[in-house]
Amino acid sequence: MLELDSALAQHIVDRAMAILPHNINVMDAQGMIIGSGDPARLHTRHEGAQLVLANRRVVEIDEQAAACLRGVRPGVNLPLLHADQLIGVLGITGAPDTVRPYAELVRMAAEMLVEQRQLQAERHWQRHQLETWLRQIADSSINLTQLQAEAERIGLQLAWPRQLVLLELAEEGDQARALSALADKAEQCGPFGVRQLLLCRPYQSGRDAAWLAQLDSRGLGVQRLLCSDELHGFADLREAALALRDLHAYARSRQPELRVLRLPDHRLQAFLHGRRQDWSVQRWLAPLHRVLAQDSQGQLRQTLLAWCRHDGHPQACADELGIHRNTLRYRLERIGELSGLDLTRRDQRLLFTLGLELLDD
């Protein structure tokens with residue numbers, strides 16, 4: 001059951017007395033005055049309120065009755081209800097015949113404020129529960145059955161397919177503002193890291209750039225969007241959240257100029273970037289290391305970049321580098337000697353295409 005606190009009680013008093021020329025008191029479920037326009041009456045017991053609480057009805061007190069009760073002045077005292085539960089008493093001071101016309105209106109306004117405060121508390125609780133659940137998506141210690149049960153407990157309605165979107169923010173102060181704006185649209189969104197928000201939404205395709213433009217127009221400080229492909233279950237959610245973390249690290253390190261990155265377009269690069277120090281990946285990169293160890297001027301690296309960019313077409317590669325095709329052939333032969341790989345083979349050229357993005361500058 002909701003309990004009145006002094007902050008809410010005083011808020012009710014202040015709102016009512018901004019309109020009415022009469023003192024208002026709010027008493028809790030024990031009959032103690034916890035909000036009043038007369039500070040001297042705060043934290044005193046109101047025997048008239050105790051009568052209301054005992055009988056669950058309106059109690060009017062005139063001058064004669066007030067003289068017989070402690071802590072009471074003439075006025076009208078009404079039960080305050082929330083969800084049919086008696087939570088306190090509202091009193092309006094003055095001759096009953098004078099203040100009676102206002103009493104029901106003040107009570108109605110007070111109960112509306114109580115309801116509003118309760119809704120705010122429920123929304124805050126739901127937001128906290130949602131943010132906790134979103135963090136659990138990427139927590140491998142939480143099994144998927146538990147993740148699904150928790151979604152049902154907090155009332156998440158997840159229609160599939162869905163999509164995870166990681167928003168990178170320019171400033172830490174932008175997080176609360178962006179979270180509030182997205183929450184207003186009933187999006188499932190919560191903090192995911194420093195300057196990061198994770199959004200779980202119905203799957204959308206091909207509208208990410210337009211959506212980023214809308215966020216920019218609202219000044220939410222979104223620096224980058226990282227989007228998963230379509231997801232069809234809780235296992236997909238878990239794997240997509242982990243993959244977006246890898247994609248975020250890859251984007252900041254290797255693609256800082258891109259503001260929209262889709263996981264399907266960069267899945268392999270992000271996966272390898274996140275494991276670039278693993279023994280297997282380092283062994284895979286060994287031929288490239290041998291080439292670059294003999295490339296003090298950077299010519300071989302630039303040649304490889306152009307060769308991969310033009311998918312092994314000699315003339316296009318030579319034109320980009322501004323060299324003769326014979327010079328290009330010499331450089332490619334040198335790369336082949338150092339690496340032990342055949343650059344005319346697409347599968348071996350893939351090592352250089354991906355590997356150059358994995359090496360630390």
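**View 1. Contacts of leucine 272.** Setting aside neighbours within four places in sequence, leucine 272 is in contact with Val281, Trp284, Leu354 and Leu358; contact means heavy atoms within 4.5 Å. This is a predicted model, in which local features need pLDDT of at least 70, side-chain atom pairs count only at pLDDT 80 or more, and totals for chains, interfaces and linings use all residues. Residues are numbered from 1 along each chain as its sequence is written, and side-chain values use heavy atoms, with hydrogens and water left out. Leucine 272 sits in helix 9 (residues 263-274). Helices (H or I, at least four residues) and strands (E, at least two) are DSSP runs, numbered from the N terminus. Leucine 272 is buried, at 11% relative accessible area. Buried means under 20%, exposed over 50%, partly exposed in between (1.4 Å probe, protein chains only).

View 2. Two strands pair if DSSP finds at least two bridges between them.

View 3. Three bridges join strand 3 and strand 4 (residues 75-82) in the antiparallel sense. Isoleucine 61 stands opposite glycine 75 in strand 4.

**View 4. The largest nonpolar core.** Such a core is a set of buried Ala, Val, Leu, Ile, Met, Phe, Trp, Tyr and Cys residues joined through side-chain atoms within 4.5 Å. Of its 29 residues, Trp133, Ile137, Leu164, Leu237 and Leu247 touch the most other members. Helix 8 gives the largest share, nine residues. Beyond four places in sequence, leucine 164 touches residues including Ile137, Leu198, Leu237 and Leu244.

**View 5. Cysteines without a bond.** The whole structure has zero disulfides, a disulfide being a pair of cysteine sulfur atoms within 2.5 Å. The sulfur of cysteine 189 is 10 Å from the closest cysteine sulfur, in cysteine 200, which is too far for a bond. Cysteine 189 is buried at 0% relative accessibility. Cysteine 68 is exposed, at 64%.
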